[in-house]
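Student: I am new to this structure and would like to go through it step by step. Could we begin with the charged side chains and then turn to the overall fold?

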Amino acid sequence: MQAGVGHGKVNGTGIALMVKAVMLALAASFCTATSSVCQRLGAATAPGGERLSPKLLLYLVRQPIWVAGIASMILGFVFQVAALHYGDLALVQPILATELLFVFAYMAIIGTRQVARHDWLAAAAMAAGLGVFLFTASPSGGHLHAQAASWWFAGISAIGLAVVATVIAFTPMRRGSPPSPARKAATLGVATGISWGFVAAVIKELSSHTNAGLGIFLTWSPYALVGVGAASMLLSAHAFQAGPLAASQPGFTIVDPLVASLLGVFIFEEHLQLAPLAVLVEAAALGALVAGVVAISRSQLVQGQTHEDEAGLRPMPAALDVRDAAG
């Protein structure tokens, strides 16, 4: 979506609009973090989980806390759209990476394990790395539509990678030993991020047909959006159910925008900033991002979870217990 504020506009009105964009982007980030926490609380009590099944969604739609999470996700999307109305994508998108810090703040307040200093540093490295990369790369230009051959290649690649990640999540590494909750949650988080990144590309294609009225339903994009969006919801539900939020959240927050940016470059022919200095900054940002991921993978928030606290969040008070609410 093209925003109404250019990079060169620095007068009073431009600054005011940029402040609005920043505040709305922070609100969007907070809402999506709240959504993740609520969905995790709802999914952690779900039965099963040994295999991918749509029955999980049937269980979750009866959990008020999970439904509240979906509502918060929708509100976050509304805030994001509003932020993009006032500010450029290069300004808004990096701010959305602060979602990770909001999630860790929730975990510090209601988590079963203490969030240590190195956990905060890892989360900050991931958020800063992603934000700086997106700001510096600043994808721009490109076409509203992509060729059919490009979409086939993108679809097969993205869906294929998501399927591979999902299979890995449910495949034991050793004979007779089930995958650990942390590994399962992390891998499903990556699969979900890939899927949501593809959804973002489909939304861009769909947005180019909004002036067609009912003719939009004669195109493939709305049907792809519904199908892939439903699959993404199923993957995210299983990721939240599988293990600690600290394991699954990086996949949601990091992989999604990176995949969307790559698809923008390869199928919409958008352009990244590739000047020598920009490439150097982008490489350093990705290095910080990878370092943060490695650090959090070794954290007690991910490793060493017991059966009782593998949700990564404290049980809710009885008045808010989703099992009691479900009746």
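**A guided reading of the model**

Tutor: The count comes to one salt bridge, where a salt bridge is a side-chain nitrogen of Lys or Arg within 4 Å of a carboxyl oxygen of Asp or Glu. The model is predicted, so local features need pLDDT of at least 70 and side-chain atom pairs count only at pLDDT 80 or more, while totals for chains, interfaces and linings use all residues. Residues are numbered from 1 along each chain as its sequence is written, and side-chain values use heavy atoms, with hydrogens and water left out.

Student: Is Glu270 buried or exposed?

Tutor: Buried means under 20% relative accessible area, exposed means over 50%, and partly exposed lies in between (1.4 Å probe, protein chains only). Lys204, at 22% relative accessibility, counts as partly exposed. Glu270 has a relative accessible area of 16%, and therefore it is buried.

Student: How many helices and strands are in the chain?

Tutor: From the N terminus on, the elements run α-α-α-α-α-α-α-α-α-α-α-α. The chain accordingly holds twelve helices and zero strands.

Student: What share of the residues of the chain counts as buried?

Tutor: The chain exposes about 16300 Å², of which carbon and sulfur atoms supply 70%; these areas come from the Shrake-Rupley method with a 1.4 Å probe, and for residues only the protein chains shown count as cover. Of its 327 residues, the buried share is 46%.

Student: Which residues does Leu60 touch, not counting residues up to four places away in sequence?

Tutor: Contact means heavy atoms within 4.5 Å. With residues up to four places away in sequence not counted, Leu60 touches Gly42, Ala43, Trp66, Val67 and Ala237.

Student: Where do the buried residues of H4 pack?

Tutor: Helix H4 (residues 89–96) is mostly covered, with six of its eight residues buried. These are Ala90, Leu91, Val92, Pro94, Ile95 and Leu96. They pack against helix H1 (12–43), helix H3 (64–86), helix H5 (99–110) and H6.

Student: How far apart are the end C-alpha atoms of H3?

Tutor: The expected span of a helix is 1.5 Å times one less than its number of residues. For the 23 residues of H3 this should give 33 Å, which agrees with the distance between its end C-alpha atoms, 33 Å.

Student: How many disulfides does the structure hold?

Tutor: A disulfide is a pair of cysteine sulfur atoms within 2.5 Å. Cys31 is buried, with a relative accessible area of 8%, and Cys38 is buried as well, at 12%. The number of disulfides is zero.

Student: Where is Ser138 found, and what is its phi?

Tutor: Ser138 is found in the loop between helix H6 (117–137) and helix H7 (148–170). At 14% relative accessibility, Ser138 counts as buried. Its phi is positive in a residue other than glycine, near 40 degrees.

Student: What is the phi of Glu269?

Tutor: Glu269 has its place in the loop between helix H10 (245–267) and helix H11 (276–297). Glu269 is partly exposed, with a relative accessible area of 45%. Although Glu269 is not a glycine, its phi is positive, about 60 degrees.

Technical notes:
Helices (H or I, at least four residues) and strands (E, at least two) are DSSP runs, numbered from the N terminus.
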